[in-house]
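Open the model in your viewer and keep the selection panel at hand. The stops below follow one another.

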Amino acid sequence: KTKRKHSLHSLTFIPIMSKGSNFLSALYRMCNNDDGNHRECIHWDDEGKNFWVSSIERFARDLLPIYYKHNNYASFVRQLNMYGFHRSTDPKGKIEPGVEMVEHFTHPFFQRGREDLLTKIHRKTSSKAKKLKSVIKPETKIVHNNDQDVSKLREELGNLRGSQIQLAETMAQMQEAFMAIQIRQSNEIQTLKSIISRGFQNSDQHILKELDMDAFSMDFGDNYDQHFSTAFAV
């Protein structure tokens, strides 16, 4: 039997952790992949305390499907937010034409060479849910003989959780829409820039033609009397 050869590309991946989040382990492997296509889109900073994402459209199209089986950049960012990553954009404010947007993400327990810290990163839970968890247990002890009050409390808790889920979905949709607008705006700016460039080239050629015609007309006008008199003199 012939041994199956492994490519160098496959050897650059860090083994998946047996414990912890699959999302975080995939992210860690992606940041540590030294393949050129990866490093052009995602890489650690010099200190290894945060990572950068650039060429966002290419990153979403080419890299996300490898690790997460989707190409939705907004969903990727939403997951980072749920795990407590801090996000910043460079440059800040309005993006000028031709300037590429770069996003930085940082978390105190997400560091190069410290895969052991990933188990300390947890998904966020709302403060209201935490308070309700701490309240409902002692409250049920107090009113354990009153089935009606317990049932009402559970119903209110269920309604609150439903509202929380609905709010999270609405925020996710808004964020996805915002990211889509940013990407579309960047594409439209590039398209407009190309159209304007082609327009200036065509305009320059038209102006040169008009200047040639004007020069011909001026030359003919200056010599008109001479041509006219010569013709009649003959």
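Leaving aside its neighbours within four places in sequence, which residues is A74 in contact with? Select A74 and look around it: this is a predicted model, and in it A74 is in contact with Q175, E176 and M179. A74 itself sits in helix α5. Its relative accessibility is 5%, so it counts as buried, the cut-off being under 20%. The C-alpha atoms of A74 and A177 are 8.4 Å apart, although 103 residues separate the two along the chain.

**Along helix α5**

Stay with the helix and select N72. This residue caps the N-terminal end of α5, with a side-chain oxygen 3.1 Å from the backbone nitrogen of A74. Next, colour the buried residues of α5, which are Y73, A74, S75, F76, V77 and L80. An α-helix has 3.6 residues a turn, so residues three or four places apart point the same way. Then move just past the end of α5 to G84, where phi is positive, at about 85°.

**A cluster of rings**

Show the side chains of F23, F59, Y68, Y73, F76 and Y83. Ring pairs join these residues into a cluster. Two of its members, Y73 and F76, are among the buried residues of α5 picked out above.

**Two ring pairs across the chain**

How many aromatic pairs does the model hold? The count is 14. One of them is Y28 with F110: select both and the arrangement is edge-to-face, with 5.8 Å from centre to centre and 85° between the planes. This pair brings together distant parts of the chain, since the two residues are 82 apart: Y28 belongs to helix α2 (residues 22-32), and F110 to the loop between β4 (102-106) and α6 (127-142). Both Y28 and F110 are buried.

Now select F51 and F85. Their ring centres lie 6.2 Å apart and their planes meet at 70°; planes over 60 degrees apart count as edge-to-face, so this pair is edge-to-face. F51 is in strand β2 (residues 50-53), while F85 is in the loop between α5 (73-82) and β3 (86-90), so that the pair links distant parts of the chain, 34 residues apart.

Are F51 and F85 buried or exposed? F51 has a relative accessible area of 0% and is buried. F85, at 5% relative accessibility, counts as buried too.

Key: Residues are numbered from 1 along each chain as its sequence is written. This is a predicted model: local features need pLDDT of at least 70, side-chain atom pairs count only at pLDDT 80 or more; totals for chains, interfaces and linings use all residues. Side-chain values use heavy atoms; hydrogens and water are left out. Rings of Phe, Tyr and Trp (its six-membered ring) pair if their centres lie within 6.5 Å; planes under 30 degrees apart count as stacked, over 60 as edge-to-face and the rest as tilted. Helices (H or I, at least four residues) and strands (E, at least two) are DSSP runs, numbered from the N terminus. Buried means under 20% relative accessible area, exposed over 50%, partly exposed in between (1.4 Å probe, protein chains only). A polar contact is a pair of N or O atoms within 3.5 Å; within protein, one must be able to donate a hydrogen and the other to accept it, and residues adjacent in sequence count only if both atoms are side-chain atoms. Contact means heavy atoms within 4.5 Å.
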